[in-house]
Amino acid sequence: MAITVGIAGITGKFARLVVKYLCNSPDVQIRGLCRNVSKLPENFRHSPRVTIVQGESSDVEALRTFVRGCDVVICCYLGDNDLMIDGQKLLVDVCDQEGVGRYIASDYCLDFTKLEYGQHPAKDPMKYVKAHLDEKKNVRGVHVLIGAFMETFWSGYFGVWNLDEYKLSFYGNGDETWESTTYDTAAQYVAAVAKDPSAVGLQHFLGDRRTIREIAGGLGAVYGKKPHLERLGSLDDLYSTMQSTFKKDPSNIFAYLAMFYQYYCTNGQTYLKADLDNSKYPEVTPTTFKKFLQSHKLEELSNTYQNAGSDA
């Protein structure tokens, strides 16, 4: 069945991967919204199956032109709270008014529904958008949950992996589970969900579930040398540090954001359901931690976050 999929923020690296996999299905037409079409790869710009609407996230008429006739809209916005809350709410409103059947929110993370407002500041926008969607009569909300992006886990900013010292740092006892999915695997699942009209509500997908000790073992097996494991303290220690850093200067998000992610990724509160939705889409083969390591040189790991989506 032919469908039209709208992608808001189509020039972003995750959005480009979603487009790549949607283009594998000849019955899918793609409509993109962006501010600058020149940022979209040339092969997508010139594809007869991709139509681009240029406009701001606040331009109601551009949004109407973009969503009109779409069966589902995927939001790939990434930005400040104004964009992630107000921008998405406006897009949801227009989708509802124009009869779009489903709206895939810009979530792609741990299970934010288990958080209280204010617990993880970066996830509050997702809670606001979900509440807004739940009130709509026509458009149905879809929320794709994938844990932490695997590329982010290995980035220097995240504070877990250190190539120079060949070590993995952690809080807790080392037996806490990390839930993670690569950008590529997540994009495949989002594309599959977009094509599946029965997929609504929370959708739980993962590439892998491993403890930091298991991840270290995999790293040693792949590269021939097991990394040093450095325990930085308990989860309570991490919580105290992140809260004091946040309270000192809430506007300096990069001073504390990685700590919030580390805490809520491993304290058990935001884990995805045990019975994942992976099996709904057997055509997707998830990338595990070990497979991810096998596909990259050791010195590349810290830069995989910046390079995600570069092949789309």
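Which residues line the second largest cavity? The legends below take up this question and others in a predicted model, in which local features need pLDDT of at least 70, side-chain atom pairs count only at pLDDT 80 or more, and totals for chains, interfaces and linings use all residues. Residues are numbered from 1 along each chain as its sequence is written, and side-chain values use heavy atoms, with hydrogens and water left out.

**View 1. The second largest cavity and its lining.** This cavity is lined by L110, G147, A148, E179, Y264, C265, T270, Y271 and L272, and has a volume of about 40 Å³. A cavity is a set of points, on a 1 Å grid over the protein atoms alone, where a 1.4 Å probe fits but cannot get out, and lining residues have an atom within 4 Å of a point. Grid points are joined across faces, edges and corners, and the volume is the space filled by probe spheres set on the points. By class, the lining divides into six nonpolar, two polar and one charged residues, where Ala, Val, Leu, Ile, Met, Phe, Trp, Tyr, Cys and Pro count as nonpolar, Asp, Glu, Lys and Arg as charged, and the others, Gly among them, as polar.

**View 2. The largest cavity and its lining.** Two cavities of 30 Å³ or more are counted, and the largest has a volume of about 70 Å³. Its lining consists of F170, Y171, G174, E176, W178, I212, L238, Q262 and T266, of which five are nonpolar, three polar and one charged. Strand 9 (167-171) and helix 10 (253-266) each supply at least two residues of this lining, helices (H or I, at least four residues) and strands (E, at least two) being DSSP runs numbered from the N terminus.

**View 3. S25 in its loop.** S25 is found between helix 1 (13-22) and strand 2 (28-34), and is buried, with a relative accessible area of 10% (buried means under 20%, exposed over 50% and partly exposed in between, with a 1.4 Å probe and protein chains only). Leaving aside neighbours within four places in sequence, S25 is in contact with R49 and K195, contact meaning heavy atoms within 4.5 Å.

**View 4. G99 in its loop.** G99 lies between helix 4 (81-97) and strand 5 (102-104), and is exposed, with a relative accessible area of 52%. The C-alpha atoms of G99 and Q262 are separated by 39 Å, the two residues being 163 residues apart along the chain.

Technical notes. 1 Å grid on protein atoms, 1.4 Å probe; cavity = no way out; pocket = protein on both sides within 12 Å on 5 of 7 lines; lining within 4 Å.
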